[in-house]
Amino acid sequence: MFRRDIEIKKIVIATGRTDMRKGIDGLVSVIRLKYFMDPLEVGTIFLFCGRRKNKIKCLAFEGDGFSLSVKRVTDGSFSWPKNEDEAMKITWEQYDRLVTGFSIESTIKSH
């Protein structure tokens, strides 16, 4: 469980597929070596999704250690961005859309 006294300032998703067998140490390595980001940044959560897109892992450093949580849907899948080589900062609104099964991109087109 995430500590309630830590303010989440940034949400970062690792676009593309992540090997969901990875635990905390493996995901920390992905953040450092693939995306060149600091996994020890308090207030940042990192989200990962696997090939089947039915599970999201959320990793956060809380100052005294890491928390790792998993959300797995029993029916359907997450609409996860496919670009393999980037980490993308998203808003709370995009996060809410993502975890409720919608795309993080708006589907309304302007003319």
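This is a predicted model: local features need pLDDT of at least 70, side-chain atom pairs count only at pLDDT 80 or more; totals for chains, interfaces and linings use all residues.
Let's start with helix α1, which spans residues 24–34. Four of its residues, Leu27, Val28, Val30 and Ile31, are buried. Look down the axis of α1 and those buried residues fall within an arc of 155 degrees, so they line one face of the helix. Once you step off the end of α1, Phe36 comes up with a positive phi of about 55 degrees.

Now for helix α2, residues 92–99. Here the buried residues are Gln94, Leu98 and Val99. They take up an arc of only 125 degrees around the axis, which puts them on the same side of α2. Their packing partners are strands: β1 (10–14), β2 (44–49), β3 (55–61), β4 (66–72) and β5 (87–90). Just past α2 there is a positive phi again, this time about 100 degrees at Gly101.

A search of the whole structure turns up two aromatic pairs. In one of them, the rings of Trp92 and Tyr95 have their centres 5.4 Å apart and their planes at 85 degrees; an angle over 60 degrees counts as edge-to-face, so that is what this pair is. Why can these two residues meet along the helix? An α-helix has 3.6 residues a turn, so residues three or four places apart point the same way. Trp92 and Tyr95 are three residues apart in α2, which means about one helical turn separates them. As for Trp92 itself, its relative accessibility is 44%, so it counts as partly exposed.

Next, the inside. The largest nonpolar core has 14 residues, and the ones touching the most other members are Ile13, Leu47, Ile56, Trp80, Ile90 and Leu98. The elements giving two or more residues to this core are β1, β2, β3 and α2. Apart from it lies another core of ten residues, including Val12, Ala14, Val28 and Tyr35. Leu98, you'll recall, is one of the buried residues of α2.

Finally, two loop residues deserve a stop. Met20 lies in the loop between β1 and α1. Is Met20 buried or exposed? Its relative accessible area is 16%, so Met20 is buried. Not counting residues up to four places away in sequence, Met20 touches Phe48, Cys49, Gly50, Lys55, Ile56 and Lys57. Take Ile56 from that list: Met20 and Ile56 are 36 residues apart in sequence, yet their C-alpha atoms are 8.5 Å apart in space.

The other stop is Asn54, found in the loop between β2 and β3. With 15% relative accessibility, under the 20% cut-off, Asn54 counts as buried. What does Asn54 contact, leaving aside its neighbours within four places in sequence? The partners are Lys71, Arg72, Val73, Gly76, Ser77 and Phe78.

Key. Residues are numbered from 1 along each chain as its sequence is written. Side-chain values use heavy atoms; hydrogens and water are left out. Rings of Phe, Tyr and Trp (its six-membered ring) pair if their centres lie within 6.5 Å; planes under 30 degrees apart count as stacked, over 60 as edge-to-face and the rest as tilted. Buried means under 20% relative accessible area, exposed over 50%, partly exposed in between (1.4 Å probe, protein chains only). The arc is that of the directions from the helix axis to the C-beta atoms. Contact means heavy atoms within 4.5 Å. A nonpolar core is a set of buried Ala, Val, Leu, Ile, Met, Phe, Trp, Tyr and Cys residues joined through side-chain atoms within 4.5 Å.
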